[in-house]
Amino acid sequence: MRIEQLEYIAAVTRLGSLRRAAEELHLSQPALSETVRNLERELGVDLLERKRSGARMSAEGRELLPHIINVLDAVDRLRDAAGEQHRSSRMVRLGTVNAATVPLLIPVIRAFRTTHPLTQVEVVGAQQSEIHRSLLEGGFDLGLVNHLEGDDMPAEFESTELLRGRPVVCVHPDSPLAARSAVTVADLLEVPLIAMRSGYVMHRYVHRLMEGRAPAFSYSTDGAEMGKLMVAEGLGATVLPDFSVVDDPLERRGAITHRPIADDGTTRVLLMLRRRRAESVPRAAQDLHEAFVARAGALGGGPTGREAKA
């Protein structure tokens, strides 16, 4: 068994495809496939499920993945101890539902870059369910997700609360709703609604808020960033956590604004940073985690940095 075999299987798992892993590793796909198969033969298990749509970790592979990651982390620590300054750290992958992108995410990535110039950070927008699955399978190191206060915390993750806010209605400044001090559900029913697709926490919140009533017209989209752009273009209104709207560049330019929801003054949305529970965490991923906690503390959001109870 060779270290590069473990690095190859980790790359295939992270990228979800032998082809993409081969491109990143600068190998031919047949050579990579044969290397992985040699490792499978040596271990006596099929680590991957190979389908036309791509390669995913098998059930047996998922059981072994923590051990593979631990070995790679140990190798990283050994290289650190040996003072290999030229070593390029493995990529850190962050899944996000695109919440608090400007006040939190961008400053954290910028600060992380100054202290980890050789570590590539890949930011992937995805639904919460996709982020959770990829965290469990090792595809993401960290995940930023929204969480409604009072909901159960998933036990398989370490969850750290970064920010807490309230749902607000994001509208164009020229919208009739912008003239109101607060927006009611009845108001929302009269305008085109830009809703998050099923799988997002805010989709579930809006469905609960409207109690089965349908708006005059609705759009469905992925993520807060696209929702805000559609609002800025005058297509309708959307409901987001306030930390996704406040100080957004579109708000600073006067393209969007927000109003509280008159019918709901109690719901709180928490921005959570999650990672898979593991005995060992890659140093770069740990440093990025700490950078998020520090930035959230500087923003003064809620009990920031506190690990939530599962």
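Modeller: Contact here means heavy atoms within 4.5 Å, and buried means under 20% relative accessible area, exposed over 50%, partly exposed in between (1.4 Å probe, protein chains only). Helices (H or I, at least four residues) and strands (E, at least two) are DSSP runs, numbered from the N terminus. This is a predicted model, where local features need pLDDT of at least 70, side-chain atom pairs count only at pLDDT 80 or more, and totals for chains, interfaces and linings use all residues. Residues are numbered from 1 along each chain as its sequence is written, and side-chain values use heavy atoms, with hydrogens and water left out.

Colleague: How far apart are the end C-alpha atoms of α3?

Modeller: Helix α3 covers residues 29-43, which is 15 residues. The expected span is 1.5 Å times one less than the number of residues, so it should come to 21 Å. The end C-alpha atoms agree with that, at 21 Å.

Colleague: Moving on to the open sheet of 5 strands, what is the strand order?

Modeller: Two strands pair if DSSP finds at least two bridges between them. Pairing in this sheet is mixed, and the order is β9-β8-β10-β7-β11.

Colleague: Which strands stand at the edges?

Modeller: An edge strand here has a single partner strand, so one side of it is left without a neighbour in the sheet. That applies to β9 and β11 (257-260).

Colleague: Is strand β8 largely enclosed or left open?

Modeller: β8 pairs in the parallel sense with β9 (residues 217-221) over 5 bridges, and with β10 (residues 237-241) over 2 bridges, also parallel. Of the 5 residues in β8 (residues 192-196), 4 are buried, so the strand is largely enclosed.

Colleague: What are the bridge partners of Leu193?

Modeller: Leu193 has a partner in β9 and another in β10. In β9 the partner is Ser218, and in β10 it's Ala237.
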